[in-house]
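Here is a friendly walk through one protein model, from a pair of rings out to the sheet. Keep the viewer open as you read.

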Amino acid sequence: MPSREELGAMYALPDRKTPRIRMNFIASLDGAATLGGRSGDLGGRSDRMLMQILRAMADVILVGAGTVRAEGYGGTRVEGADAEWRLARGLPAQPRLAVVSRSLRIEPQHPFFADAVVRPLVVTCAGADAERRAELERVADVLVCGAAAVDLVAMRDALADRGLRQVLCEGGPHLFGALRDARLVDEVCLTVAPRLVGGDAGRILRGVDEEAGQVRLLHAIPDDEGFVLLRYAT
């Protein structure tokens, strides 16, 4: 298993100026994206280390509202050497957090907002409930992208206009599907966990028509616990 510094070099971004959306997921050997309803319970030491490295490299961490509710996002931050790495490169100590939601079914008191170390962003559309939008505007910066539904191309451009060009998307599967359908995914980082889950757990990609979409493997890194870190360009 590479050291933390070596792993960081292997996932380094080619530049910070080009808008880029990088996905990060974990899945079991039989393709389950969750265990007991949460993806975090599939992970191991190297997966958690990689997640922190990818977060440190990002300008913004993007998640769907369903993932915020299921995974309990709140107080997400980079710390220690990762925060120092960012400051040394002229970046803010913390990446922004952004949640995508058409329905805005997330309360202003949710830890995603209440425990945020930097004011979060909410990405929605003009057709979203005006009262809910006004409530969330008290605790977050709201980006209106699209009319009846969230326009993900407009979202990427609006984030880039704010200087948030390097996007790390941590799910969920429906947001991944929508980004894939819009041809906005540049890279997929997938950790394969040495587990067989069974049950009816979903996959990392949902809500998109079946296709034989080809991706290009950049590297495969096994660790001493049986996890394999995969990086693909799309």
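## Aromatic rings

Phe25 is buried, at a relative accessible area of 8% (buried means under 20% relative accessible area, exposed over 50%, partly exposed in between, with a 1.4 Å probe and protein chains only). Phe176 counts as buried too, at 6% relative accessibility. This is a predicted model, in which local features need pLDDT of at least 70, side-chain atom pairs count only at pLDDT 80 or more, and totals for chains, interfaces and linings use all residues. Residues are numbered from 1 along each chain as its sequence is written, and side-chain values use heavy atoms, leaving out hydrogens and water.

Rings of Phe, Tyr and Trp (its six-membered ring) pair if their centres lie within 6.5 Å; planes under 30 degrees apart count as stacked, over 60 as edge-to-face and the rest as tilted. By this rule there are two aromatic pairs. Phe25 and Phe176 have ring centres 5.2 Å apart and planes at 25°, so this pair is stacked. Phe25 sits in strand β1 and Phe176 in helix α8, so the pair ties together parts 151 residues apart in sequence. (Helices, H or I with at least four residues, and strands, E with at least two, are DSSP runs numbered from the N terminus.) The other pair, Phe112 with Phe113, is edge-to-face, with 5.2 Å centre to centre and 85° between the planes.

## Helix α8

Which residues of α8 (residues 173–181) are buried? They are Leu175, Phe176, Gly177, Leu179 and Arg180. These buried residues pack against β1, β2, β3, α7 (152–161), β6 and β7, where contact means heavy atoms within 4.5 Å. Just after α8, Arg183 takes a positive phi of about 60°.

## The sheet

Nine strands form an open sheet with mixed pairing, in the order β5-β4-β3-β2-β6-β1-β7-β9-β8; two strands pair if DSSP finds at least two bridges between them. The edge strands, β5 (141–144) and β8 (216–222), each pair on one side only. Within the sheet, β2 (residues 60–64) and β3 (residues 96–100) pair in the parallel sense over five bridges, and Val63 stands opposite Val99 in β3.

## Cysteines

How many disulfides does a search of the whole structure find? The count is zero, a disulfide being a pair of cysteine sulfur atoms within 2.5 Å. The sulfur of Cys125 is 9.4 Å from the closest cysteine sulfur, in Cys145, too far for a bond. For Cys169, the closest cysteine sulfur is that of Cys189, 12 Å away and also too far for a bond. Cys125 is buried at 0% relative accessibility, and Cys169 is buried with a relative accessible area of 0%.
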